[in-house]
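Here are my notes for you, as numbered points. Please keep the model open beside them as you read.

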Protein chains: 2
Amino acid sequence: MEYQVITPEGVEYLKSVTAPDRVFYGDEIEYDYAHDEMPDFGTHAPDVLVEVLSTEEVSKVMRYAYEHCIPVTPRGAGTGLSGGAVPIYGGILLCTEKMNKILEWDLDTMTVVIEPGVLVMELANAAQEKGVFYPPEPGEKTASVGGNVMTNAGGMKAVGYGVTRNYVVSMECVMPNGDIMQFGSNVAKNTSGYDIKDLVIGSEGTLCIATKLRMRVIPQPKVSYTLLVPYPSLEQCVGTVPKFINSDLNPTAIEYMPKSLLDDAAQYLNKIMPHRTADSYLILMFDGSSVEDVERRCDDAAQICLDNGAEDVFLCNTDERKEAVWTVRGAALEALKASTTDMDECDIVVPRNRIADFSRFADTKMEETGIRISIQGHAGDGNMHIQLMRDDMDKKLFEERCPKLMEELYAQAKTMGGQVSGEHGIGHARVGALETFMGPQMIALYQAIKNAFDEKHILNPGKVIR
Amino acid sequence: MEYQVITPEGVEYLKSVTAPDRVFYGDEIEYDYAHDEMPDFGTHAPDVLVEVLSTEEVSKVMRYAYEHCIPVTPRGAGTGLSGGAVPIYGGILLCTEKMNKILEWDLDTMTVVIEPGVLVMELANAAQEKGVFYPPEPGEKTASVGGNVMTNAGGMKAVGYGVTRNYVVSMECVMPNGDIMQFGSNVAKNTSGYDIKDLVIGSEGTLCIATKLRMRVIPQPKVSYTLLVPYPSLEQCVGTVPKFINSDLNPTAIEYMPKSLLDDAAQYLNKIMPHRTADSYLILMFDGSSVEDVERRCDDAAQICLDNGAEDVFLCNTDERKEAVWTVRGAALEALKASTTDMDECDIVVPRNRIADFSRFADTKMEETGIRISIQGHAGDGNMHIQLMRDDMDKKLFEERCPKLMEELYAQAKTMGGQVSGEHGIGHARVGALETFMGPQMIALYQAIKNAFDEKHILNPGKVIR
């Protein structure tokens, strides 16, 4: 099936089913809509940008696109890191940013119904005002919840609270042909037909468009403490992680940072850290319902760290101290960007006990290629944010060596039973990596599933699969 | 595509790729293999029964069936309640009962690799021996874990620990054409392509056959207390449930039983209950890591119950008392069976705060139809086990009125935002109910997904969808 280019009549039709001031064509479209937060992966402007306000509008736009075979790329807040919301085939960019209402709280079932354009931080704040808690906390808090659902975003607290998937109760979606469907429902258990809801979560807008979400919230933790733990070696640092996973201490977050990165980030932010001379740092968070409970778990955790070679354990139980540690952790990516010329990145995930092995492999590759590799991130769930930095290497040489190095990192992850992406998704940037990783049988199955939803391949073409 | 009948040569071929003493044909097949635990839904013998021992055997059997277009029904322990493992089209019954090895513990990642025929109680016991905990605990503990995964079984502790889905890390599966594939992997976060694993969980063996499972285990709770709470009315009893859901008391189980059922079950078992004169009973379980922690939560829970109209709260903190309460709860179905002549059943699930409303609706239907309806079950997750009992009603009249009554119960669940089945699945017994409930668009999508896996429809035909 050949994609069609939208006609002036088509643009008028889209205006008639939405509103004239919410449809933009050609030069009227701002450059921002041609990329997400990794413009390095390529910029592509849509032919027409449509800002939708309701399920019915989305349905009418899709019905038109389906009949005329025009590609449609859904976009939330545009904060992705894999090009998932970039309209690489042009066509219609369908923006749900203004579908941003929190529609209904139901604290009896601890759920909230929202439109997909609500931002993660808006939902978290609204939950707090209601006295409840929305736990998923990806680094990018200005992401839309709809986007988070479509990439199954994780974040630092996934160790304790799980990923976005765990908070999606049900979704209203518009299918590629414009049909409106409901996946999942507000029940705690379900074995009634195929689990389409979980298939759609993480599908990066390639199967259908979410127009309404019922999300789960949980009781607010009353107390939260943080531990900063210096170690003389990476092995000892990440080697402690499994001791927490099989303890009943239930940590909320387990992050790690090498000394250099902690230093860079602290300097970048002008923050003074309680400790800065160790080789590697573990950062632990414990949430709980009482001071006694959290103190007991912090004490036990500290003992585990010391028994496994930690140099010391710093308790951060004041807002100021906690803020210092977590802002420095949060600034890692920015500090890295500021420290180099060009950068490539991925977010490989490996089994929770293989981080040290993976890091050692990366070290040997660093020596081989001369490319500086920074690894940090979510020690508690094996998800690493890996940056390849050019520094003063010749640009052409860096661009030659990078793809091969990436390939080797992915291959190593596969050997270890890992996956291509823990939380950033595939978008169009990692389609090739996914193909190599999964092999032709799995890609054929993905293709068949894509066809089951979207036989004309008009929805977010070129993402996840070709 | 027309199904073919297996030939004598076919039977010989199956023997050659498995073993002569694990292939049974015609009259050699025991009657047990013609039904699950609800023979009322119909018995159907397979043409040939194959007991498999390995992934490779499953693959070879499927490749043969695929090439010759012979229907294959996978079966674990055969303890289902919806006819999911009953070979309604004859053909091959592929039995994974003897694939029952626990293959590998990995306590660093808190996972265990097993074959699908391992029984739930075997896995739970093996976990206990390792000092860890496998939480899913459906009523039927002689079910196979593979079967539990394929129906996403729940059980009483789903309130606190979640359903079987939450414990499946990855699965090796054989596709209808014999291909061997791997879905999911041993990572804590994943956004790498479509989530096939979650689609396969709960698919009742209609998409592929699980041949190896990596399951998650968690730290053992050190203390577990139970509360038996009498209430003067059902409304007050189940009305207390949302107070727990939005508290931070984290109950493990929230069950309810009407007086009559508690009485029947206690009499049936010859057990003396601490209380038996109230209208309705809530049974709560609290697991935790220390006596102080569990005692505090029990105290808080007791106060919530009393504030919401409970007559009293009985703490069961000895093995003997706990055992009495939970055996009586567990004997509900048997006691009901013993109390009547014929029975039909379903396991509708509604939002957690709608149980009282649903029960009142059922009461009016009981008056209208003269059919005794018993409702009990998982108050904490809105999942009710509903039995329609004939008692001394004319058999023909009962069989006439039952289907219409079931239809009305399903329709009411739909109005309330519920679902057809919380944990028993669709099998072939509820295919019609699912069709009515979901409507033609959803069934068409299910059909397209089925085609993506099994375009010849040879795998477990007639289950979930027609």
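1. Let me begin with a term: a salt bridge is a side-chain nitrogen of Lys or Arg within 4 Å of a carboxyl oxygen of Asp or Glu. With that rule, the side chains of Arg354(B) and Asp357(B) form a salt bridge, at 2.8 Å from N to O. Both are partly exposed (buried means under 20% relative accessible area, exposed over 50%, partly exposed in between, using a 1.4 Å probe and protein chains only): Arg354(B) has 28% relative accessibility, and Asp357(B) has a relative accessible area of 37%.

2. A word on the ground rules. This is a predicted model, in which local features need pLDDT of at least 70 and side-chain atom pairs count only at pLDDT 80 or more, while totals for chains, interfaces and linings use all residues. Residues are numbered from 1 along each chain as its sequence is written, chains are lettered from A and ligands numbered from 1 in the order in which they are written, and side-chain values use heavy atoms, with hydrogens and water left out.

3. Just after H13(B), Gly370(B) has a positive phi of about 75°.

4. What do the buried residues of H13(B) pack against? They include Ile355(B), Phe358(B), Phe361(B) and Lys365(B), and the buried residues of this helix pack against helices H7 and H14 and strands E13, E17 and E18 of chain B.

5. Now for the interface. In chain A, 77 residues are in contact with 77 residues of chain B, contact meaning heavy atoms within 4.5 Å. The area buried between the two chains is about 5900 Å², with 59% given by carbon and sulfur atoms; buried area is the accessible area (1.4 Å probe) that two parts lose on being put together, summed over both. On the chain A side, Lys189(A), Thr191(A) and Tyr194(A) lose the most area to chain B, together 17% of what that side buries.

6. Between chain A and chain B there are eight salt bridges. One salt bridge to inspect joins the side chains of Asp248(A) and Lys222(B), at 2.8 Å from N to O. Which elements give two or more residues to the side of chain A that touches chain B? They are strand E9 and helices H6, H8 and H15 of chain A, and H15(A) supplies the largest share, eleven residues.

7. Helix H15(A) also deserves a look for a pairing within chain A. Side chains of opposite charge can pair when their charged atoms come close. Here Glu435(A) and Arg466(A) meet in a salt bridge at 2.9 Å, N to O. Glu435(A) lies in H15(A) and Arg466(A) in the segment after H15(A), so the pair ties together parts that are 31 residues apart in sequence. Glu435(A) is partly exposed at 26% relative accessibility, whereas Arg466(A) is exposed, with a relative accessible area of 61%.

8. In chain A, Asp342(A), Arg390(A), Lys395(A) and Glu399(A) are linked in a salt-bridge network. In chain B, the side chains of Lys141(B) and Glu137(B) meet at 4.0 Å, N to O.

Notes: Helices (H or I, at least four residues) and strands (E, at least two) are DSSP runs, numbered from the N terminus.
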